[in-house]
Amino acid sequence: MNNTEQYFLEIPLNQNAHQCALKFAQEQATKHKGKQVYLNTLAVYAVNYFLEWAEWETNLDQSDSWNPGLRALFNVADLVIPDIGKLECRAVTEGETVIYLPPEVREEKIAYIGVLLPEKLDKAKLLGFIPAAEIDEEISEITLESLQPIEQLSDYFFLLEERTPFFQRLIKEYLDSCEEDDKVMLKVAEILRETPLDKIVTKLESIYHNVPQDDWRIEGGKALAKSSSGGMTSQNRDKVLGSPLGGNIDSDVEAELSLLAEEWLEKLADFFRRDNG
Amino acid sequence: MDTDEKLREILITLRGTHAGSPQHQQAQNQLIKFLTQFPDVKKNPDTRIDCEAVMQEAYLGLLKTIKGFFLTIDLDNTPAPEVRVRLIKRFNRIVKNKEFDEYRKQGKQPFSLDNPLSEDEGNDTYLDFVTYEGFIDENSQPSNLPPDDFVQSIGSNLWQYINADPEGKLQNCYPKEKIDKECQGNQPENMRPRPDVNCQVIAQRLHLKEPPDKLSKIAEDLGISDQTLYSHWKRSGLPLLRQIARNFGYQPEA
């Protein structure tokens, strides 16, 4: 970010925000965990406040951060945006230069938002966001410099909103084309049905952004296979892929997934070109 | 033809005509005219910004991105009132985005720190209520948090559950590893269970310990490959733990 862009949206943290954060913090097993939950709650509150103002619906009740059990165990600060996906709102304190991403928050997110909570906790500053597709899933830290301005978040949501039906159409086309006696296609179809759509979108977009086109086929196939296993119970996975824990996915299914991923990535590239053009 | 049907017709014309053509321009003008008369369209009363300019920007923004809207809706088969609702929703979001842009350009904040908390909370400002100064300081403890030994909360109940694992769910969830690591495939005769690397042990070290251990450190300590542990945890351990925690959240507290 250069100097001309050093404008950060400030969200007042009022009594309601603090009461909610305190209530959640008091449910925790230790003070350390209580503090973590307190800050996470304020971060989610701030992003929710902004999005409601910006006319985007949110669903706190569907968010892990608002589930008493999940927030008591995991370091979560997510916020569900219906029909679009899940945001992760990470609190940053003064002096910190990176956003820490615990392993439990690195899946199934559409973007990460940095929320600065000054010591006085009277307001939150939205530092920016980064689409999940633009970072590696294994990454544990995001530098604040890499964040995009928060005013671009609505445009990103519009893009996601437009891409969802795009992928839905691609999946439907494939499912419609499945032949009853083609076992490989049927297995692939089952994988696609079992995998959450936002996971497919995020994985393939990540490849689109981060992987050279020559590797789209192999990496795309791996991503689709991984998406399915990550989103299912082991029993489901065994049923679908016909292999025990950690077993090899059938090579024909893998090949089909790879070809499909490559075809979709090429269509995604066309989609982006049309959008930019 | 009612207003909603007329609006749908305008949108269909917009979708089906070339940008720059007289029909397209006419449809654009009609669309804007329609939008100005819908009561659901949001207008900002804030005198600190030029709201008319914001609306003009928003109209342009809508027209510029209308192709994107067409991707999200089946114009021909969606009921006309729903088309209107969704278009206005999109437009209002664009208005807000342009408003925000205007505040940003002027270096102003949309939300004043001195605003009343809400209409039914009188004229107090939120600053009157902030009593958590210093909370972030690791050495200071907020006085309203109960002491550690007093807590009987969902958090401590859940932590106790994980430590006790009364149903054995966590201890019975563990990976298998290859005996001969050079051997391809996962033949049953080449696999051995690792009950010592069970989900209770991992959950305790990842989520109950302060500071938490990394998976790679746990793998090293327990003598199992990073990849085996990572795959097992991601595929089986984490979903199991999430299920336990989620269900715990819905139980009445002890």
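How close do the axes of helix 6 of chain B and helix 9 of chain B come, and at what angle do they cross? They come within 11 Å and cross at roughly 140°.

## Basis of the model

This is a predicted model: local features need pLDDT of at least 70, side-chain atom pairs count only at pLDDT 80 or more, and totals for chains, interfaces and linings use all residues. Residues are numbered from 1 along each chain as its sequence is written, while chains are lettered from A and ligands numbered from 1 in the order in which they are written.

## The helix 6 and helix 9 pair in chain B

Two packed helices are described by the angle between their axes and the distance between the axes. Here axes are lines fitted to C-alpha atoms, for helices over the stretch in contact, and angles run from 0 to 180 degrees between N-to-C directions. The crossing of roughly 140° makes helix 6 of chain B oblique to helix 9 of chain B. Angles under 35 degrees count as roughly parallel, over 145 as roughly antiparallel, 65 to 115 as roughly perpendicular and the rest as oblique. Helix 6 of chain B passes helix 9 of chain B in a right-handed crossing. A crossing is right-handed if the near helix is turned clockwise from the far one by less than a right angle, and left-handed if anticlockwise.

On the helix 6 side of chain B, the contact is made by B:I154, B:L158 and B:Y161. Helix 9 of chain B brings B:A245, B:F248 and B:G249. Two residues are in contact if their C-beta atoms, placed from the backbone, lie within 7 Å. Helices (H or I, at least four residues) and strands (E, at least two) are DSSP runs, numbered from the N terminus.

Helix 6 of chain B spans residues 154–164. Its buried residues are B:I154, B:G155, B:L158, B:W159 and B:I162. Seen down the helix axis, they fall within an arc of 130°, so they line one face of helix 6 of chain B. The arc is that of the directions from the helix axis to the C-beta atoms. An α-helix has 3.6 residues a turn, so residues three or four places apart point the same way. On the other side of helix 6 of chain B, B:Q160, B:N163 and B:A164 are exposed. A residue is buried if 20 or more other C-beta atoms lie within 10 Å of its own, exposed if 12 or fewer, and partly exposed in between.

What covers the buried residues? The cover includes parts of both chains. Chain A supplies helix 2 (31–53) and helix 3 (68–73). Chain B supplies helix 7 (199–208) and helix 9 (226–249). After helix 6 of chain B comes B:D165, with a positive phi near 45°.

Chain A holds nine helices and seven strands. Of its 277 residues, 47% are buried. The largest nonpolar core has 77 residues. A nonpolar core is a set of buried Ala, Val, Leu, Ile, Met, Phe, Trp, Tyr and Cys residues joined through C-beta atoms within 7 Å. A:L42, A:A43, A:A46, A:V47, A:V115 and A:L126 touch the most other members. Helix 2 of chain A gives the largest share of this core, 12 residues. Apart from it lies another core, of 19 residues, including A:I191, A:I200, A:L204 and A:A223. Beyond its neighbours within four places in sequence, A:L42 is in contact with A:L13, A:A17, A:A21, A:A91, A:L117, A:L121 and A:A124.

A:E55 has a positive phi, near 75°, and is not glycine. It sits in the loop between helix 2 and helix 3 of chain A. A:E55 is partly exposed, with 18 other C-beta atoms within 10 Å. A:D83 also has a positive phi, near 70°. A:D83 lies in the loop between strand 2 (78–81) and strand 3 (85–93) of chain A. It is exposed, with 12 other C-beta atoms within 10 Å.

## Chain B: overview and details

Chain B holds nine helices and two strands. From the N terminus on, the elements run α-α-α-α-α-α-β-β-α-α-α. Buried residues make up 26% of its 254 residues.

B:Q28 lies in helix 2 (residues 22–37) of chain B. B:Q28 is buried, with 20 other C-beta atoms within 10 Å. Leaving aside neighbours within four places in sequence, its contacts are B:L14 and B:L63. B:Q28 and B:L63 are 35 residues apart in sequence and 7.1 Å apart in space, C-alpha to C-alpha. Elsewhere, a cis peptide bond joins B:E210 and B:P211, with omega about -10°. B:P211 is in the loop between helix 7 and helix 8 (215–222) of chain B.
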